[in-house]
Amino acid sequence: MTPDIAAILALDGIATGAIYVLMALGFVLIFAVTRVVFVPFGDIAAFTALTLAALELGRLPGTVGLVIGLAVLATLMELYSILRAGSYERIPRALLFYLVLPVAIAGLVWITSGTLWPMPFRIALALLLILPVAPLLDRIVYRPIADASVLLLLTVSVALHFALVGLGLLFFGPDGARTESLTDAMFMLGNIPISGQTILIVVAAAIFCGLLYLFFDFTLLGKALHATALNRTGARLMGIRPERSGTIAYLAGSVLAGVSGILIAPVNTIFYDSGFLLGLKAFVGAIIGGLISFPVTAIGSIFVGLLESFASFQSSAFKEVIVFSVLIPVLLWRSYTFQHTEEDMDE
Amino acid sequence: MRKLALAMSALAGLSLAATAAYADIKVGFVTSLSGAGASIGIPYSEGIKAAYEFQSEVGGEKIQLIQLDDGSDPSAATRAARKLVEEEGVDLLIGTATAPSTIAMIAVANELKVPMIAVSPINVAPAEGGERWGIAVPQTPQLMVKVIADHMKKEGVKSVGFIGYSDAWGDFVYNGAKDAEAEGGPKVTTNERYARTDTSVTGQVLKVIATQPDAFINGGSGTQGALPLLELRKRGFTGDFYGTPSLLNADFIRVGGKAAEGVEVSAGPVIVTDQLPDGHFAKEIGLKFHEAYKKVNGKDVADGFSGYSFDGWLIFLNAAETALEKAEPGTPEFRMALNDAIFSTKELAGVHAVYNFTPESSYGVDERSLVIVKLVDGKWVYQPESN
């Protein structure tokens with residue numbers, strides 16, 4: 001291995017790692033606030049990529065049907081629980097958030113489909129459309145079992161992933177898609193070429209890390225989320241509603257999944273079931289961060305990307321084996337240094 | 001999908017309405033209309049529809065075609081095959097899209113002694129008694145690689161780099177290239193692998209370039225098969241690209257763009273039917289297939305898979321003619337006669353190959369079943385072999 005090759009591999013690894021960073025941050029964010037290991041995270045990223053690809057071809061993306069279906073289901077469930085509680089004054093608000101907003105977005109895409117919009121508008125549309133998916137899934141699947149054990153939530157997550165893969169096939173069909181590259185720019189660093197796409201991925205990851213930092217440290221909402229993550233009961237006593245925190249966490253997670261989906265869409269062909277493996281690798285990064293620390297998660301994800309890149313050069317047939325084997329020492333180290341909290345003791 | 005389901009129920013209804021007519025020949029067709037294999041299972045289904053449109057009776061007997069979905073699941077394929085034989089009493093099974101499901105169906109065919117035509121490339125296991133109840137229509141992966149490797153040799157390629165999937169398909173192509181090397185073909189310089197979901201193959205590509213091969217052979221498939229080509233060109237590789245029929249896919253051309261231009265692959269002649277010279281075995285029947293396909297599916301043939309279903313149907317029609325002289329459809333004797341007739345198929349021209357089956361082997365194609373096509377200006381162009 002010459003220094004040139006090492007540099008190219010390192011750049012490549014950082015770009016892949018940056019995508020994992022976005023996804024892993026989403027994992028940590030959702031887990032910290034809701035204790036749910038959101039396995040379908042990768043699927044949502046893949047759906048975003050497929051949505052963008054459909055918009056690019058001037059077709060109506062399958063996501064429209066998915067969002068409308070989920071919105072109707074979530075609204076019915078919300079209305080049922082409101083009626084049972086007898087608090088009728090909450091109905092308009094529920095209708096607005098669970099039915100009107102998602103369906104309005106889907107309708108917007110429906111109306112605008114068929115015409116070919118410029119790239120930035122298409123990306124915005126794809127992101128907007130994917131935004132309601134995770135919060136709606138949260139309402140339908142996780143809210144009724146919000147107080148269950150982490151293990152049960154994980155099991156449900158895995159089941160939800162399989163359901164989503166099936167729905168993905170139904171709504172997007174079996175064909176894969178790949179979008180136009182966001183930029184064709186090429187830069188030279190010494191004699192090592194760097195593509196604009198790589199820079200874009202890294203910059204996007206950096207921006208979203210920065211935004212998350214600002215959100216958690218400088219906004220009231222972010223602090224409320226942080227409080228819920230640290231101690232649900234305590235946060236509740238302080239007047240923070242865990243359900244609301246959960247919804248916001250899922251919304252933020254959706255954005256991260258959507259952005260990572262848009263960044264990988266031009267790099268490789270994405271199928272309705274491609275998301276899982278991407279999510280799994282990001283999950284390794286999240287595990288390195290103990291599913292709690294954002295900075296360590298980011299470093300861990302970059303490490304996974306670099307490891308993957310160098311492994312693909314050294315022994316490409318064993319690349320996945322090498323990446324996933326890292327989990328074992330990390331888990332050992334984590335379980336030796338883990339501080340048990342009161343909440344875990346209760347379980 | 002909904003249309004397919006409708007067609008399926010219509011077909012099923014048709015079969016129910018006609019159960020009284022015992023003399024009809026019943027054919028059970030299993031494919032993957034859902035699940036991971038659906039992307040090739042649906043073309044298989046479109047191919048059989050074209051075949052049924054092409055000819056739906058043989059020797060004066062009407063043929064009933066019953067289609068079931070196996071959801072890309074081997075256990076569902078087993079149930080579907082069993083249901084077709086035990087409840088519908090079919091005389092022949094045709095299926096299915098994925099190799100594990102096809103193998104599962106063969107086990108049922110062996111057990112219930114019903115002839116089966118496999119449309120996936122699998123090695124058909126003989127039944128307990130040693131007799132065979134199944135044949136496979138497609139070209140073997142080894143043959144696909146051998147034909148392109150021979151072509152490389154003719155073109156004077158001395159060394160070739162390899163990047164392929166880290167799965168059975170990658171192994172097939174790599175081993176095929178290695179076999180060709182042992183017979184004086186180009187030297188294979190690398191054995192690099194990647195996964196279908198990978199977003200980058202930079203590491204593998206750098207390794208290939210470091211060995212400075214004359215050309216590159218692709219062990220991937222479809223759009224993800226374009227990934228190494230794009231990266232190789234980006235890193236300044238100038239050698240020729242070669243591949244197998246698994247690259248034949250409309251999206252491969254779109255995604256590969258300029259980097260994929262000039263790639264040469266071995267392919268079933270059905271891909272380039274209209275460019276074949278007059279007198280080529282696949283020309284006349286191929287045109288009929290394209291016509292029937294367009295009529296029932298409303299679009300042009302864009303893949304090789306539908307052709308396998310069509311050829312399976314041709315093999316069945318040819319064998320049924322002989323078998324009808326010996327026994328009544330719906331009887332064990334007829335199934336036996338049909339099986340014997342399938343295994344004595346001689347020089348039957350299909351859209352992919354000229355089929356010759358013998359009791360010794362379940363594969364019946366030779367090198368005539370593959371031609372070389374080259375991607376020129378985004379279209380596959382037939383390359384006549386200059387021997």
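The model is predicted.

**Sheet in chain B**

- The sheet of chain B is open and has 6 strands.
- Their order is S2-S3-S1-S4-S5-S6, with mixed pairing.
- Strands S2 (57-58) and S6 (134-136) of chain B stand at the edges. Each has a single partner strand, so one side of each lacks a neighbour in the sheet.
- S1 (residues 25-31) and S4 (residues 92-95) of chain B pair in the parallel sense, over 3 bridges.
- Val27(B) has Leu92(B) of S4(B) as its bridge partner.

**Helix pair in chain A**

- Helices H1 (residues 3-34) and H13 (residues 294-314) of chain A pack with their axes 7 Å apart. The angle between them is about 140 degrees.
- Angles over 145 degrees would count as roughly antiparallel. H1(A) and H13(A) are therefore oblique to each other.
- The crossing of H1(A) past H13(A) is right-handed.
- On the H1(A) side, the contact includes Leu9(A), Ile14(A), Tyr20(A), Val21(A), Leu25(A) and Val28(A). Asp12(A) and Gly13(A) are also among the H1(A) contact residues.
- H13(A) contributes residues including Phe294(A), Ile302(A), Leu306(A), Phe310(A) and Phe313(A). Glu308(A) and Ser309(A) of H13(A) also take part.
- By type, the residues of the contact between H1(A) and H13(A) divide into 15 nonpolar, 7 polar and 2 charged.

Notes
Residues are numbered from 1 along each chain as its sequence is written. Chains are lettered from A and ligands numbered from 1 in the order in which they are written. This is a predicted model: local features need pLDDT of at least 70, side-chain atom pairs count only at pLDDT 80 or more; totals for chains, interfaces and linings use all residues. Axes are lines fitted to C-alpha atoms, for helices over the stretch in contact, and angles run from 0 to 180 degrees between N-to-C directions. Helices (H or I, at least four residues) and strands (E, at least two) are DSSP runs, numbered from the N terminus. Angles under 35 degrees count as roughly parallel, over 145 as roughly antiparallel, 65 to 115 as roughly perpendicular and the rest as oblique. A crossing is left-handed if the near helix is turned anticlockwise from the far one by less than a right angle, and right-handed if clockwise. Two residues are in contact if their C-beta atoms, placed from the backbone, lie within 7 Å. Ala, Val, Leu, Ile, Met, Phe, Trp, Tyr, Cys and Pro count as nonpolar, Asp, Glu, Lys and Arg as charged, and the others, Gly among them, as polar. Two strands pair if DSSP finds at least two bridges between them.
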